Amino acid sequence: MQKIVVSRKIPQKFIKQLEDIGEVEVWDASLTPMPREKFLTALKDATACFVTLSEIMDEEVIEAAPNLKVIANMAVGYDNIDIDLMQSKGIVVTNTPGVLTETTAELGFTLMLAVARRVVEAETYVQNGEWQSWGPYLFAGKDLYQANVGIYGMGDIGKAFARRLKGFNTNIMYHNRTRHKDDEEALGALYVSFETLLKESDFVICTAPLTAETRDKFDDKAFKMMKKDAIFINIGRGAVVDEEALVKALQNEEIKACGLDVLREEPIDMQHPLLSMNNATILPHIGSASVITRDRMIQLCVDNIKLVLDEKDPKTPVV
Ligand code: GLV
């Protein structure tokens, strides 16, 4: 008998598919995670689980779930999962690459343009009834046209971002662990060192996943190297950025503004200094949040669970 634990409320059409293969226990809320104790108890006799990035999959999970065969993570990033541990226990971990690439790049682009043109600040100004008249420099921002844009992390999302930049007549640079020489011509992107990317870019876009190598990559030193009017965008993972260093860089006008879709701690603490800065735009981790993409991510998780429980290879294994 298979038992599948689903840590968030998902549409019934997906639950039905899972019910065809076994018993399903679903947490009935879409905006709050399943409480940890409840999650661990539910896992007791589970053979599969469908999780989001809110669930930390560690030793405690292994102890709670002796029969677990597959973890389907509804995200492309999987820094919430101790991959080595799961691998050592023979548990298959899957993620959702591919289906969310374009949607996430679109959100990154939206955020970049919104920060560049101060859209959120300007809209708040109108809502607050402060709009008195047209002004020569009222909410004057920064052009993307002919700007140097540096992408840190040239995976699928970085490449999708670069493809969009081409239409805006920009100079594209990138830095990545491995160079993608074959794609450079098609993307019109120049490979540069991390230091050059920081020094030369008018816009710095981080799409990198969280790894030992990328953790705290954007620190004091990095922000000091950036142009004073640089705009920093992060759609990768929060912990790639030292947020204290970012706050200082904004306060000391070492960079102009930032747009973050990902934070070290999610949801953000309402006392976080970034929330009181009007040159910081914060989104609640919605990179892949279009209805069609979220449907596709869930379907991919369901397919992966079905395949593994059927002793077949999953579509998108991490290990
Ligand atoms: C979202 O951040 C994801 O990794 O899919």
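How many aromatic pairs does a search of the whole structure find? The search finds 10 aromatic pairs, where rings of Phe, Tyr and Trp (its six-membered ring) pair if their centres lie within 6.5 Å, and planes under 30 degrees apart count as stacked, over 60 as edge-to-face and the rest as tilted.

## Basis of the model

This is a predicted model, in which local features need pLDDT of at least 70 and side-chain atom pairs count only at pLDDT 80 or more, while totals for chains, interfaces and linings use all residues. Residues are numbered from 1 along each chain as its sequence is written, and side-chain values use heavy atoms, with hydrogens and water left out.

## Aromatic pairs

The rings of phenylalanine 109 and phenylalanine 161 have centres 5.1 Å apart and planes at 40°, so this pair is tilted. The pair links distant parts of the chain, 52 residues apart, with phenylalanine 109 in helix H5 (residues 101–116) and phenylalanine 161 in helix H7 (residues 156–166); helices are DSSP runs (H or I, at least four residues) and strands likewise (E, at least two), numbered from the N terminus. Both phenylalanine 109 and phenylalanine 161 are buried, meaning under 20% relative accessible area, as against exposed at over 50% and partly exposed in between (1.4 Å probe, protein chains only).

Tyrosine 125 and phenylalanine 139 form an edge-to-face pair, at 4.9 Å centre to centre and 80° between the planes. Tyrosine 125 counts as buried at 19% relative accessibility, and phenylalanine 139 counts as buried at 18%.

## Aromatic cluster

Tyr152, Phe194, Phe218, Phe223 and Phe232 form one aromatic cluster.

## Glutamate 59

Glutamate 59 has its place in helix H3 (residues 59–64), and at 40% relative accessibility it counts as partly exposed.
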